[in-house]
Amino acid sequence: PIPPELEGRLDATRKLYLQNGITNSLSGFSGSPDRPLLLSIRPILNSLNEGPSRGCLMMGRYFDQERIARLAQATEQDISFVHPFDPGLPSDFRAALNQLRTLHPTASGHRAAVVTQIQSPARIAGYALINDLEEKPILIMRVTEARSIYRSAQSALNYVLISLAGTGVILGLLILHLWQRHVLTRLTDLSGHVGRISTLGDVAE
C-alpha cells in the first residue's frame, strides 16, 4: 500500500500534471527529501497514441541506497546524494549548497548549475542541486573522481622542469669547458711568460 503522506504528494503531482494539460510523458523526483521517489507519468491514450487523455499512469521507485549503488556501478563513478535540508549536512555539501543557491534558478527553468571543489591533490568533486517535479530542491548530488588531467599536467610539468635543469647543467659544463680552454689556458700561459720575464729580466724570452 502507498503510505498516506506519499499518497498526498502523488495526488498533488497528478493534479498538477492534468491541470497543465501535458500530453507527453514526464519523469523526475517526487516525495520527500529524506525518501525521494523516482516517478514517471504518462498520459492514458488510445492504441494510436492519440488523445484526449483519459487520465495518467504513474509508476515510481524509491531512490534508496541500493539504487544509488547501482547507479554508481553503472556509471563507474563515486556518486552520493543528500537532501539539502539535512541538519547534519557535511561541510563540503554545505559550502556547495551556498554556491548553488546563487546559481540555480528559483523558478522553473532548464539551466543546470554545477560547482566543483578540489578535495585533495588527487581528488575533485562536482555538486549539482536537483529539483523535484514541482521545481523545489530535493537532493544534492556529488560526483567524486580522480584528478587525472591534473596529474598528467603535473607529470608533464615535472618532465619539462627536469629537462630544463638537465639542459642547464649541460650548458653550464660546456661554457665552463670553453672558458677554461679559450680563456683560462691563455691567461695561464700569459702569466707564465710574465713570470719568466720578471725572473730572467729578458724581454726576448
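**Figure 1. Overall arrangement of the predicted model.** Read along the sequence, the protein follows the pattern α-β-β-β-α-β-α-β-β-β-α. The model shown here and in the following views is predicted. Its secondary structure amounts to four helices and seven strands. The protein has 205 residues, of which 24% count as buried. Among contacts in the protein with a separation of 6 or more, 45% are between residues 24 or more positions apart.

**Figure 2. Antiparallel pairing of strands β1, β2 and β3.** Strand β1 (residues 26-32) and strand β2 (residues 35-43) run antiparallel and are joined by seven bridges. Strand β2 is also joined to strand β3 (residues 56-62), again antiparallel and through seven bridges. Ser-40 of β2 illustrates both pairings: Ser-27 stands opposite Ser-40, and in β3 the bridge partner of Ser-40 is Met-59. Pro-43 also lies in strand β2. With a relative accessible area of 11%, Pro-43 is buried. The C-alpha atoms of Pro-43 and Arg-54 are 7.3 Å apart, although these residues are separated by eleven positions in sequence.

Figure 3. Four strands form an open sheet in the order β4-β7-β6-β5, with antiparallel pairing. At the edges are β4 (78-82) and β5 (114-120), each of which pairs on one side only. Ignoring direction, neighbouring strands of this sheet are turned against each other by 25° on average. Five bridges connect β4 with strand β7 (residues 137-146) in the antiparallel sense. Within this pairing, Phe-81 has Met-141 in β7 as its bridge partner. Helix α3 lies across β4, β5, β6 and β7, and runs at about 155° to β5.

**Figure 4. The largest nonpolar core.** Twelve residues make up the largest nonpolar core: Val-82, Leu-89, Phe-93, Ala-96, Leu-97, Leu-100, Ala-113, Val-115, Ala-125, Tyr-127, Leu-129 and Ile-140. Both α3 (91-103) and β6 (123-131) supply at least two residues of this core. The largest share, four residues, comes from α3. Apart from this core lies another, of eight residues, including Phe-29, Ile-68, Phe-81 and Ile-130.

**Figure 5. Surroundings of Phe-93.** Which residues are in contact with Phe-93, leaving aside its neighbours within four places in sequence? They are Ser-80, Val-82, Tyr-127, Ile-140 and Arg-142. Of these contacts, Val-82, Tyr-127 and Ile-140 are also listed with Phe-93 in the largest nonpolar core. The relative accessible area of Phe-93 is 2%, and the residue is therefore buried, the cut-off being under 20%.

Figure 6. A pair of aromatic rings is described by the distance of the centres and the angle of the planes. The count comes to three aromatic pairs. Phe-63 and Phe-81 form an edge-to-face pair, with 4.9 Å from centre to centre and 90° between the planes. This pair links distant parts of the chain, 18 residues apart: Phe-63 is in the loop between β3 and α2 (65-75), and Phe-81 is in strand β4. Both Phe-63 and Phe-81 are buried. For Phe-93 and Tyr-127, the ring centres are 5.5 Å apart and the planes stand at 85°, so this pair is edge-to-face; the cut-off for that class is over 60 degrees. Because Phe-93 lies in helix α3 and Tyr-127 in strand β6, the pair ties together parts that are 34 residues apart in sequence. Tyr-127 is buried, with a relative accessible area of 1%. One aromatic cluster is formed by Phe-29, Phe-63 and Phe-81.

**Figure 7. Asp-132 in the loop between β6 and β7.** Asp-132 is found in the loop that lies between β6 and β7. Is Asp-132 buried or exposed? Its relative accessibility is 7%, so Asp-132 counts as buried. A polar atom of the Asp-132 side chain lies 2.8 Å from the backbone nitrogen of Lys-136.

Conventions. Residues are numbered from 1 along each chain as its sequence is written. This is a predicted model: local features need pLDDT of at least 70, side-chain atom pairs count only at pLDDT 80 or more; totals for chains, interfaces and linings use all residues. Side-chain values use heavy atoms; hydrogens and water are left out. A nonpolar core is a set of buried Ala, Val, Leu, Ile, Met, Phe, Trp, Tyr and Cys residues joined through side-chain atoms within 4.5 Å. Buried means under 20% relative accessible area, exposed over 50%, partly exposed in between (1.4 Å probe, protein chains only). Contact means heavy atoms within 4.5 Å. Two strands pair if DSSP finds at least two bridges between them. Axes are lines fitted to C-alpha atoms, for helices over the stretch in contact, and angles run from 0 to 180 degrees between N-to-C directions. Rings of Phe, Tyr and Trp (its six-membered ring) pair if their centres lie within 6.5 Å; planes under 30 degrees apart count as stacked, over 60 as edge-to-face and the rest as tilted. A polar contact is a pair of N or O atoms within 3.5 Å; within protein, one must be able to donate a hydrogen and the other to accept it, and residues adjacent in sequence count only if both atoms are side-chain atoms.
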